[in-house]
Amino acid sequence: MTDEVYMQKAIKLSLTGMGLVNPNPLVGAVIVKNNEIIGEGYHASFGEAHAEVNAINNAVTNCTDATIYITLEPCSHHGKTPPCALKIIDSKIKRAVIGITDPNPLVSGKGIKLLKDAGIEVTIGVLSNEIMRLNEVFIYYITKRTPFVVMKTASTFDGKIATSIGESRWISGEESRKFVHNLRQQYSGIMVGINTVVSDDPELTVRHFMGKKKHPVKIIIDSTARISLKAKALVRRNGSKTIIAVTSKAPSAKIKDLINIGTEVIVCPKTEQGVDLKYLMNELGKMSIDSVLLEGGATLNYSALEQGIVNKAISIVAPKIVGGQNSPTAVAGKGIEQLSNAIKINHLSAKAIGNDILLEGYFNENN
């Protein structure tokens, strides 16, 4: 089989760690000897062994003169685990096929150099575009040190997120709702505005997911700390936590009450829209929150777009029309007056998801 075939197997293995390895990358590894796969591995959870180590440890025979296929350059430094490049060298592997180099500018290329200096033949760039897309969160976070933000919306064919009387369950179909919970599993945080919390009282947890669950950090934008202390989003589940982003307008007594029930509070500078979201993203980045799924509502969506923190848009469009001049849309705010100034989405793709359509695209230079 070709290098691409074995690398595709490594990519498939890497997906097993989706949502469990953040802020680390998704990495898979396959070891081939005499045209047979003798070992496989993937990075399963943050802080645990890396893909290469697992593949070598799982090998059914010795790895002398074998070829290892790795989606990402092996690490060359001591972190939570020893350097994987040294493990590969010690196993007497003859050739390493690497999907992409490590995007971390502090370590990029050093693992490859260790392999080459040890006499290992190295091939780089096999299925690199696919691997980069799967690791877009890691690549962005490791270079920018702020979370990769994905704005998710669900609307009718005519662009409404609810009817004129506020009914919104359910606009999208069952398959789409399961897809959304898979998204929540993938990202480190889920962010909503206080209006959504007040009107819907959401739990902001992962459901409809068959694998190992990891509830995202709940991030609520609440300038004046209006949230009820009994809100479902404040309940801790399986170690998940809630962060409330407020401004100086939030009463100090309410902030103290929130902290006393185990909620973290970040006091942010105030902008015309409320919370300074760029400041908040910097603070979240310091907390190793590498990605945020933005689920609105409409006012927060506009603020996030206007402040330039959104990297990617995911929109689910249902084959329904509800009309209504007062029916809300996915993005509100003051809006943009001139079409020439409209916020543009690039690299747009579309596919069916049940009876709905899933649209994905990226904003400006962020990707």
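Glu-174 and Lys-178 are both part of helix H7 (residues 174-186), where they sit 4 residues apart, about one turn of the helix. In this predicted model, their side chains form a salt bridge with an N to O distance of 3.6 Å. Lys-178 has a relative accessibility of 39% and therefore counts as partly exposed.

## Salt bridges between separate elements

Glu-264 and Lys-241 meet through their side chains at 3.1 Å, N to O. Glu-264 belongs to strand S10 (residues 264-267), while Lys-241 is in the loop between strand S8 (217-221) and strand S9 (242-246), so this contact ties together parts that are 23 residues apart in sequence. The relative accessible area of Glu-264 is 32%, which makes this residue partly exposed.

Lys-152 and Glu-295 also form a salt bridge, and their closest N and O atoms are 3.7 Å apart. Because Lys-152 lies in strand S6 (residues 148-156) and Glu-295 in the loop between strand S13 (291-294) and helix H11 (298-306), the pair ties together parts that are 143 residues apart in sequence. Both partners are buried: Lys-152 has a relative accessible area of 13%, and Glu-295 has one of 17%. Each value falls under the 20% limit for a buried residue.

## Network and total count

Salt bridges also link a group of four residues into a network: Arg-133, Glu-136, Lys-312 and Glu-360. Over the whole structure, a search finds 12 salt bridges.

## Cysteines

The number of disulfides in the structure is 0. Cys-63 is in no disulfide, and the nearest cysteine sulfur, which belongs to Cys-84, is 14 Å away. Cys-63 is buried, with 5% relative accessible area.

Cys-75 likewise takes part in no disulfide; for this residue too, the nearest cysteine sulfur is that of Cys-84, at 3.6 Å.

How values were computed: Residues numbered from 1 in each chain as written. Predicted model: local features only at pLDDT ≥ 70, side-chain atom pairs only at ≥ 80, totals over all residues. Heavy atoms only, no water. Helix = DSSP H or I, 4+ residues; strand = E, 2+ residues; numbered from the N terminus. Buried < 20%, exposed > 50% of the residue type's maximum accessible area, 1.4 Å probe, protein only. Disulfide = S-S within 2.5 Å.
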